Amino acid sequence: MSNPKIEGYQFKPGFRGMADDTASDQTMFKGVHWGKAMMWIFLLSDTFVFSCFLISYMKGRGSTPVEWPNASEVFGLHVFGVEVPLLLIAIMTFVLITSSGTMALAVKYGYEKNRKMCGWLILATAIGGLIFVGMQAFEWSKLISEGVRPWENPFGAAQFGSFFFMITGFHGTHVSIGVIFLFIYAYKTFAGHYDEGKRGWFTTMKGDYVEIEILGLYWHFVDLVWVFIFAFFYLW
Amino acid sequence: MDETNKKEQTTTHKIGIYLWIWGLLFVLSFFSYMVDWYQFQGMLRWSLILIFMFLKAGLIMAFFMHLFWERYALVNVLLWPMTAIACFIFLMVAEFEYTLFSRLFYFFVGGVQ
């Protein structure tokens, strides 16, 4: 959250404020930490990457005359003798949303300088992400054992496999990188680096709880992408 | 210490708003799963999927990513490029329809005799 007031100067709200900020011959994103602005720019470019994947999936699926595999059967699970459609994917969705919620609370407690609470919530987020990646690995190995390959599959159109592995794989990579950073930040929070303003490993920037918000932006973005993948790949 | 004291304390929001959004995301995810569970088909299915998807994405961006509270200078820089994606989608829809037509016409109909 950007500060509406810096060194006693009150910024104008709305579009008038936007015009003022942009035309001020100074920094444009006023009250926004540079790291946060950079993370947003990165996420914007990442949005374009994921959009290109999903659009190419749309084009591939739309242009094939062969029947597309029925996702709710392909991703269905056999539990206690009952066939439940999309069960694993639904659980994965709920796990990711849960971890997104704990991350949002971690950011809030970080800004309130509640070190313990913030650290535990980041740790909970990391574990949620780990569970998600684990279930994705299970899903991949299940599909691979059923004969799904990037070039063929027993369910229908051959393009299905390549889009599936590419899109969920790229998303899973993002989750894995996020989990690594969540563990690092959990350690840094518990160690009190953000309370003392200790400098990071590769930067001269002093530790500040705004870093938790920057990490949170990345994590929420991963959740955001999953919302679109869930809708277009699994439900459509 | 002087430097840190001079910095403004970033305002935080009540925990209630986060819990509300969290709950709403759960409910919306449950609804979108129900779309598949009850096997809705056709326009009903697609419109429900899209509505729930955009509601979830909007809630995450607005409240979890704090865009609702950010200044317009940042919000507009982030949201306007999305129109380029919308354009790209329309272009590729035209493209896949043409490709599908060509495949059906030349591979299955046999082309112009």
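A crossing of two helices is left-handed if the near helix is turned anticlockwise from the far one by less than a right angle, and right-handed if clockwise. The legends below describe a predicted model.

**Figure 1. Crossing of helices α5 and α6 in chain A.** The crossing of α5(A) and α6(A) is left-handed. Helix α5 covers residues 115-145 of chain A and helix α6 covers residues 159-190; their axes come within 8 Å and cross at roughly 155°. Because angles over 145 degrees count as roughly antiparallel, α5(A) is roughly antiparallel to α6(A).

**Figure 2. Residues in the contact of α5(A) with α6(A).** On the α5(A) side, the contact is made by A:R115, A:C118, A:G119, A:I122, A:L123, A:T125, A:A126, A:G129, A:L130, A:F132, A:V133 and A:Q136. On the α6(A) side, it is made by A:T168, A:G172, A:V175, A:S176, A:G178, A:V179, A:L182, A:F183, A:Y185, A:A186, A:T189 and A:F190. By class, the residues of this contact divide into 14 nonpolar, 9 polar and 1 charged.

**Figure 3. The side of chain A that touches chain B.** In this view, 50 residues of chain A are in contact with 46 residues of chain B. Five elements of chain A, namely β1 (5-6), α1 (14-22), α2 (34-63), α4 (87-111) and α8 (210-235), each supply at least two residues of the side that touches chain B. Helix α4(A) gives the most to this side, with 10 residues. The side of chain A that touches chain B has 28 nonpolar, 15 polar and 7 charged residues.

**Figure 4. Domains of chain A.** Chain A is divided into domain 1, residues 1-32, and domain 2, residues 33-235. Taken over C-alpha atoms, the centres of domain 1 of chain A and domain 2 of chain A are separated by 33 Å. Along its principal axes, the C-alpha trace of chain A spans about 65 × 40 × 30 Å.

Figure 5. The chain has 8 helices and 4 strands. Read from the N terminus on, the elements of chain A run β-β-α-α-α-β-β-α-α-α-α-α. Chain A has 236 residues, and buried residues make up 35% of them. Of the contacts in chain A between residues at least 6 apart in sequence, 67% join residues at least 24 apart.

Key: Residues numbered from 1 in each chain as written. Chains lettered and ligands numbered in written order. Predicted model: local features only at pLDDT ≥ 70, side-chain atom pairs only at ≥ 80, totals over all residues. Domains from an automatic or database assignment. Buried ≥ 20, exposed ≤ 12 C-beta atoms within 10 Å, placed from the backbone. Contact = placed C-beta atoms within 7 Å. Axes fitted to C-alpha atoms, helices over the stretch in contact; angles between N-to-C directions. Parallel < 35°, antiparallel > 145°, perpendicular 65-115°, else oblique. Nonpolar A, V, L, I, M, F, W, Y, C, P; charged D, E, K, R; others polar.
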